[in-house]
Amino acid sequence: MRKLLFAFLLFPTFVFAQSQGFTLTGSITGLPEGTEVKVTNANDNAVLEKSKVAGGKFVVKGSIPEPGLYFLVLGKEQPQYIYLENSTISVSGSTKALPSLQVTGSKSHQDFDEFRKVFNPLVGKMNAVAGQINESPDEVQRASLMGQYGTIRQQVKEEVAKFVTAKKESYVSPFLLYVTAQLLDDPLQVEQFYLSLSESVRNTAIGKNLAEFIAYNKVGAVGTDALDFTQNDPAGQPVSLASFRGKYVLVDFWASWCKPCRMENPNVVKTFQKFNAKNFTVLGVSLDRDKEPWLKAIKDDSLAWTQVSDLQFWNNSAAQLYHVQGIPQNFLVDPKGKIIARNLRGEELEAKLCEVLGCN
């Protein structure tokens, strides 16, 4: 089973234009006189500005083009996140409890704190359950843990919706959407949230990056139109996906050299035989690079449906069009050309076809 992972990703700092700079004043007990204080970029650790502790306090001044996520580095202490704005910001606390530093004067940091208080515990629970799933040899226990994982994941989705709906003007909202997009697992939903944000927030650097992320991941997403392509069949005749319009068609990316694909082929054969008379077919797209192994696999696995390939291996044009990075991978397209499901395996494919075509 593929390991369940959640990475807290940092993306290019998003900011908004302001004419004034920032003044960051700190009073943190436990910092020796002369301690170097730096503000660094959270992505590459590049130093933005720096100062030193004097009289128990420090002042760091500078300017950023837009609000963004940075590190506050206090000597050799663990760097702490700070959401900077071009405003007057105060930081207070103790080296004994750095994660609990009080930051005032930055609305973005206030929103960021709210985000962390809600999502950090949820992500911690998800990672803990994922670890148990990866280590458990017992299938019953794994199934139970998967249920727990799904419940927490649903909580994350609900909290994302709540946060973004309430904070359409917040510069933290696109950041939140970016780092939780893999959990939402629905680029159309992410796009809906993104479009609900204010124009100024959408036009930030992270907002533009998020728009690009959505556009890339919408390709092949459930609910979108299937992108047409044309490749040759084994006889050298061009076949287009559009030529199957009016049928339910499973666009199945595979290859003769792909063991998981070959193991899945009997399931596809069984499903094809059951539903072929009910307006369903399969279009196999092979990522082979040599014709003979491709043809032999078609024969050996009794693949009776249409097969195409440009014999370009991972550079297969259809695979690149659909951003296929692993096989087997498939997309179920309805008679109108819309993707209604993807990556259906074994009984899942039959169940979906029973849903749309009936099993009687």
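What follows goes through the sheets, the helix pairs, the cores and a few single residues.

This is a predicted model, where local features need pLDDT of at least 70 and side-chain atom pairs count only at pLDDT 80 or more, while totals for chains, interfaces and linings use all residues. Residues are numbered from 1 along each chain as its sequence is written, and side-chain values use heavy atoms, with hydrogens and water left out. Helices (H or I, at least four residues) and strands (E, at least two) are DSSP runs, numbered from the N terminus.

**The five-stranded sheet**

- Five strands line up as β13-β12-β11-β14-β15 in an open sheet with mixed pairing; two strands count as paired if DSSP finds at least two bridges between them.
- At the edges sit β13 (306-308) and β15 (339-342), each pairing on one side only.
- Neighbouring strands here are turned by 20° against each other on average, direction ignored. For such angles, axes are lines fitted to C-alpha atoms, for helices over the stretch in contact, and the values run from 0 to 180 degrees between N-to-C directions.
- Inside the sheet, β11 (residues 248-254) and β12 (residues 280-286) run in the parallel sense and share seven bridges.
- If you want a spot to look at, Y248 stands opposite F280 in β12.

**The four-stranded sheet**

- Another open sheet has four strands in the order β4-β1-β7-β8, again with mixed pairing.
- β4 and β8 (102-104) are the edge strands with a single partner each, so one side of each has no neighbour in the sheet.
- The twist from one strand to the next averages 15°.
- β1 (residues 22-29) pairs with β4 in the antiparallel sense over five bridges. Along that pairing, G26 stands opposite F58, and L24 has V60 as its bridge partner.

**Helix pairs**

- Two packed helices are described by the angle between their axes and the distance between the axes.
- The axes of α3 (residues 173-184) and α4 (residues 187-196) come within 10 Å and cross at roughly 150°.
- α3 and α4 are therefore roughly antiparallel; the cut-offs are under 35 degrees for roughly parallel, over 145 for roughly antiparallel and 65 to 115 for roughly perpendicular, with the rest oblique.
- α3 passes α4 in a right-handed crossing. A crossing is left-handed if the near helix is turned anticlockwise from the far one by less than a right angle, and right-handed if clockwise.
- L177, A181 and L184 from α3 make the contact with Q189, V190, F193 and Y194 from α4; contact means heavy atoms within 4.5 Å.
- α4 also packs against α6 (residues 205-218), at about 150° with the axes 9 Å apart, which makes α4 roughly antiparallel to α6.
- This time the crossing is left-handed. On the α4 side, P187, L188, V190, E191 and Y194 meet α6 residues including L210, A211 and I214.

**Nonpolar cores**

- A nonpolar core is a set of buried Ala, Val, Leu, Ile, Met, Phe, Trp, Tyr and Cys residues joined through side-chain atoms within 4.5 Å. Buried means under 20% relative accessible area, exposed over 50%, and partly exposed in between (1.4 Å probe, protein chains only).
- The largest core has 42 residues, and F229, F253, L283 and Y322 have the most contacts inside it.
- Elements supplying at least two residues each to this core include β11, β12, β14 and β15. The largest share, six residues, comes from β11.
- Apart from this core lies another, of 38 residues, with V160, L176, L197 and V201 among them.

- Y322 is in contact with V219, G220, A226, L227, F229, L241, F253, F331 and I339, leaving aside neighbours within four places in sequence.
- I339 lies in β15 and is buried, with a relative accessible area of 1%.
- I339 and V222 are 117 residues apart along the chain, yet their C-alpha atoms are separated by 5.1 Å.
- Q325 sits in the loop between α9 (317-321) and β14 (329-333) and is exposed, at 68% relative accessible area.
- Leaving aside neighbours within four places in sequence, Q325 is in contact with Y216 and W314.
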